Amino acid sequence: MARTHVLALVQAGGAGGRMDVLTRERAKPTLPFAGVFQLIDFSLSNLSNSGITDVWLSVQFQGAGLGEEIANGRPWDLDRNRGGLRLLMAQEGTGGTDEEGFAQGNADELYRFRDQVRADDPEVLVVLSADHVYRFDVMDAVATHRRTGAECTIVTTTVPIEEASDHATVESDDDGCVTGFAYKPDSPSTGTVATEIFVYDPAVLVRALEELHHELGPEAGEGDTGLGDFGEHLVPYLVDRGKVFVHPMKGYWKDLGKPHKYVAAHHDVLADDLGVLGDQDWPIVGHQQQRSAARVLDGARVTDSLLSPGSTVSGTVIRSVLGPGVVVEAGALVRDSVVFQDTRVEEGARLDWAVVDRDCVVGPGAEVGSPDTDPEDPDAIVLVGRGSRIGRGVTVPGGARLEPGTTA
């Protein structure tokens, strides 16, 4: 019997503007998570563990850096002669003027890749984002897609209803057929949201993209197909056709699109891997440089924290994550914070509710952030860009943003 051809397309091209200074000089999917992982590791590991070996990765912003971090797909056994990992780059000179340069949304991007999808001719196309933390067998959703005869299957999860306005909300009947869909509604009626994992009938998807472009393109600007994000036109169009179904995801799922959610997700995994990080039968793997074990020296205090290889702690670390090679000197305090690799927190310095990028120095006695920060406030977390230097005794207030390379 012929093998079923399942193609996965990971959309990793966005600039990640909501993460501000942390994504000025890196693709958002390469943001670290829990010290030793990157966000891209979760989508690629879930696909690999699901047995999907034909994976396309779309890259736009800081694409060269993302390409370097994924090492041609070797960590996920996707470096192969047939199938495997393929990078899709933004191009010029390959289509009409409304297809030149960077895409203006994830549905717009799908339209630009429609000819490659049509030529590859998969039975099923899985489309997913690269900025979520979760564990999921993608083939379970493919099975639902086949069983229901769906044109599109939306993998869903449930979030507190007050958070649902950050996502696309989904309502369905007892058979799982989608009856209502709203993209980032101001007043959500449900906490069931799209996880940004979709299973499509490729032929239907391509026709839908072309029909929508025919309708919307003439009103769009130069370099824009008019399709925008999936929730603006594409999924509502398919829902109206009556063949969109849901597949609920069990277990942990978190969107790390905003600084306070990024820190919250780290807090979630400090004391428990939540069924995501520690399953040896479903490993989350990535491309990481090997380092020596972490060191906790005499006089140090570490509570409810994650210490990555190569880190050294002589001070106090509370409810925080230290990346590889991070040094916390004696008398320093790191609390409710995430510190990226090879950053140094010097004697007597204090971090509270901060995310500090790699290769930074927080000078002696400096105070960054506030212990009174509201963790639900998206603008309250301090963000310190890559390679910054905070001088001796300098105070950086809560909510501050330091651009990469700042000397404060």
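Modeller: Start with pairing: two strands pair if DSSP finds at least two bridges between them. Helices (H or I, at least four residues) and strands (E, at least two) are DSSP runs, numbered from the N terminus. This is a predicted model, where local features need pLDDT of at least 70, side-chain atom pairs count only at pLDDT 80 or more, and totals for chains, interfaces and linings use all residues. Residues are numbered from 1 along each chain as its sequence is written, and side-chain values use heavy atoms, leaving out hydrogens and water.

Biologist: How do you know that β1 pairs with β4?

Modeller: There are 5 bridges between β1 and strand β4 (residues 54–59). At least two are needed, so the strands pair. They run parallel. Q11 stands opposite S58 in β4.

Biologist: Which sense does the pairing of β1 and β6 have?

Modeller: Parallel, over 6 bridges, with β6 spanning residues 124–129. In β6, L128 stands opposite V10.

Biologist: Why is H266 called buried?

Modeller: H266 has a relative accessible area of 2%, so it falls under the 20% limit. H266 lies in helix α8, residues 259–268.

Biologist: What does H266 touch?

Modeller: P32, F33, A34, V321 and V338, not counting residues up to four places away in sequence (contact means heavy atoms within 4.5 Å). A polar atom of the H266 side chain also lies 2.8 Å from the backbone oxygen of Y262.

Biologist: How many aromatic pairs are there in the whole structure?

Modeller: A search finds 6. One of them joins F37 and F42, 5.9 Å centre to centre, with 55° between the planes.

Biologist: Why is the pair of F37 and F42 called tilted?

Modeller: Rings of Phe, Tyr and Trp (its six-membered ring) pair if their centres lie within 6.5 Å; planes under 30 degrees apart count as stacked, over 60 as edge-to-face and the rest as tilted. At 5.9 Å and 55°, F37 and F42 therefore form a tilted pair. F37 is at 13% relative accessibility, so it counts as buried. F42 is at 0%, so it counts as buried.

Biologist: What makes the pair of Y262 and F340 edge-to-face?

Modeller: Their planes meet at 70°, over the 60 degree limit, so the label is edge-to-face. The ring centres are 6.4 Å apart. The pair links distant parts of the chain, 78 residues apart: Y262 is in helix α8, and F340 is in the loop between β22 (338–339) and β23 (344–345). Y262, at 0% relative accessibility, counts as buried. F340 is buried at 3%.

Biologist: Which residues do ring pairs link into a cluster?

Modeller: Y183, F198, Y200 and F230.

Biologist: How do you know that a charge sits over the ring of Y111?

Modeller: The charged end of R114 is 3.8 Å from the ring centre of Y111. The rule asks for NZ of Lys or CZ of Arg within 6 Å of the ring centre and within 35 degrees of the ring normal. R86 lies over the face of W56, 4.6 Å from the ring centre.

Biologist: Why are D357 and R26 called a salt bridge?

Modeller: Their closest N and O atoms are 2.7 Å apart, so they meet the rule (a side-chain nitrogen of Lys or Arg within 4 Å of a carboxyl oxygen of Asp or Glu). Both D357 and R26 are buried. The whole structure has 22 salt bridges.

Biologist: What about E367 and R350: is each buried or partly exposed?

Modeller: E367 has a relative accessible area of 35%, so it is partly exposed. R350, at 17%, counts as buried. They form a salt bridge, with the closest N and O atoms 3.0 Å apart. E367 lies in strand β27 (residues 367–368) and R350 in strand β24 (residues 350–352), so the pair ties together parts that are 17 residues apart in sequence.

Biologist: Which residues form a network of salt bridges?

Modeller: R114, D115, R118 and E210.

Technical notes:
Buried means under 20% relative accessible area, exposed over 50%, partly exposed in between (1.4 Å probe, protein chains only). A polar contact is a pair of N or O atoms within 3.5 Å; within protein, one must be able to donate a hydrogen and the other to accept it, and residues adjacent in sequence count only if both atoms are side-chain atoms.
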